[in-house]
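Here is a briefing on one chain. Look over the sequence and the model before reading on.

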Amino acid sequence: MRTTMGAYQTTVSVQTVKHAALAALLTALLTVPVLGLRLRLEGYQVVLEPHWRPVWLAVGAVFVFQLCKPLLVRVTHGVRLPTLPPLSARHQRRLVWALFGVGLVWPFFGSRGAVDIATLALIYVILGLGLNIVVGFAGLLDLGYVGFYAVGGYTYAMLNHYFGLSFWQCLPLSAGASAIMGFLLGFPVLRLRGDYLAIVTLGFGEIIRLLANNLTSLTGGPDGISGMPKPTVFGLEMARSASVEGTRTFHEVLGLAYRGEHMVIFLYLLALLLVSLTLFVTSRLIRMPMGRAWEALREDEIACRSLGLNPTRIKLSAFTLGASFAGLAGAFFAARQGLVNPESFTFIESALILAIVVLGGMGSQLGVILAAIVLTVLPELARGLAQYRMLLFGLVMVLMMMWRPQGLLPASRVHVELPR
């Protein structure tokens, strides 16, 4: 018996070493292009130099972890990770109101850089809430959401550059242009589901970026369009001096001394207003028959059709409304930056927005808000790890799927439980 157990333990240890060596080899193959090679500029030449220390550290860490994994499994057997308490829909609404109240007074006490980062986080909140309609409510996997974001930004840029329209005139037009693109995209994907739908939407996002990059005479090509003015307050510019002779700025009308922080705070409050509008509209929609139809489509398309609902209209409505909010965010992004170019609308942006929806909890508005804030603010706090950002980001997503696959705050839906 002892001989058998000894042989069994030897076999297990050999298998463990084999698995650890294989995992270390795969880690080396994956990390060499990312961590082991660096580009360095020498004069006018770009030199590729090796940098092996991070690779050996990653390989060693994976090898040791794989060797200790059986022991960790035995030690942690039966141990449960802490879970967040479930929140009802009423409690989630109260938390949203609390966050809104804090966000309303916070910019008057925070630093200029912190307020600017918070403005960027609010842009991602709008994008996350818009994509939550398509992915969270309707269950349609969209990997090209950044395309609608780009349409909104370029609509404002071109209307202002060629026709001189202001931000407030272009804001509804940008939302409308993105909504039209979402409606047009809905037609070729009516019969697609799952991976096929994801591939088509991914191609749409790349097509928009390539068009913006190649239509040089219209979009400015790789350089983009610059010089867009900042939003005004009831037609008054928030600048040191008015751009039009004979007019007064916002500070001159109120008799205040000009400070650069005022524009940053104004952009933050404007982003907060757009978040409130997006949240109000989406909250109302999910309680209406349209929202119930989205949930029915997400749960089972065949059952949805058998109930007399038209899946074509449901998909088109989800794509159209979700795209309109991306257009709002794109127009505000272009006004905040004063510049739009194709590099601002890459696939990484679509992946980040989708990660916000998945991390927060599909269908959960409060979860999307918290996830957008976390994924935007944390990279800014850890600037020293900027080159490892995507690596850490992927690790966090993997751990999140293992610990809480339903998201940080899953959506709380009204349900009835029958007594046993």
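Which backbone oxygen does the side chain of T376 reach? That of A372, at 2.6 Å. The model is a predicted one, with a mean pLDDT of 81 for the chain.

**Confidence**

- Of the residues in the chain, 86% have a pLDDT of 70 or more.
- Helix 5, residues 145–163, has the highest mean pLDDT among the elements, at 91.
- Helix 9, residues 250–254, has the lowest, at 69.
- Over residues 4–8 the pLDDT stays under 50. The model gives this stretch zero contacts beyond four places in sequence.

**Salt bridges**

- The whole structure holds three salt bridges.
- One pairs D116 with R336, with 3.2 Å between the closest N and O atoms. This pair links distant parts of the chain. D116 sits in helix 4 (residues 112–137) and R336 in helix 13 (residues 311–337), 220 residues apart.
- Another joins R209 to E206, at 2.9 Å from N to O. Both residues belong to helix 7 and lie three residues apart, about one turn of the helix.
- An α-helix has 3.6 residues a turn, so residues three or four places apart point the same way.
- Within this pair, R209 is buried, and E206 is partly exposed at 24% relative accessibility.
- R298 and E299 form a further salt bridge, at 3.0 Å from N to O. R298 is partly exposed, with 21% relative accessibility. E299 is exposed, with 58%.

**Helix 7 (residues 194–214)**

- The buried residues of helix 7 are L197, A198, T201, F204, G205, I208, R209 and A212. Seen down the helix axis, they fall within an arc of 125°, so they line one face of helix 7.
- That buried set packs against helix 5, helix 6 (167–186), helix 8 (216–219) and helix 13.
- D195, Y196, I199 and N214 are exposed, on the face of helix 7 turned away from its buried side.

**Helix 11 (residues 289–299)**

- Which residues of helix 11 are buried? They are G291, A293, W294, E295 and L297.
- The cover over these residues includes helix 4, helix 10 (260–287), helix 12 (301–306) and helix 13.

**G322 in helix 13**

- G322 is part of helix 13. Its relative accessibility is 0%, so G322 counts as buried.
- Leaving out residues up to four places away in sequence, G322 touches G130, I133, V134 and Y145.
- The C-alpha atoms of G322 and V134 are 6.2 Å apart, although 188 residues separate the two along the chain.

**T376 in helix 15**

- T376 lies in helix 15, residues 365–381.
- Is T376 buried or exposed? T376 is buried, with a relative accessible area of 7%.
- Beyond four places in sequence, T376 touches I117, L120, A121 and Y124.

**T16 in helix 1**

- T16 is found in helix 1, residues 2–36.
- T16 is buried, at 14% relative accessible area. The cut-off for buried is under 20%.
- Which residues does T16 touch, not counting those up to four places away in sequence? They are Q66, L67 and P70.

Technical notes. Residues are numbered from 1 along each chain as its sequence is written. This is a predicted model: local features need pLDDT of at least 70, side-chain atom pairs count only at pLDDT 80 or more; totals for chains, interfaces and linings use all residues. Side-chain values use heavy atoms; hydrogens and water are left out. pLDDT is the predictor's confidence in each residue, from 0 to 100. Helices (H or I, at least four residues) and strands (E, at least two) are DSSP runs, numbered from the N terminus. Contact means heavy atoms within 4.5 Å. A salt bridge is a side-chain nitrogen of Lys or Arg within 4 Å of a carboxyl oxygen of Asp or Glu. Buried means under 20% relative accessible area, exposed over 50%, partly exposed in between (1.4 Å probe, protein chains only). The arc is that of the directions from the helix axis to the C-beta atoms. A polar contact is a pair of N or O atoms within 3.5 Å; within protein, one must be able to donate a hydrogen and the other to accept it, and residues adjacent in sequence count only if both atoms are side-chain atoms.
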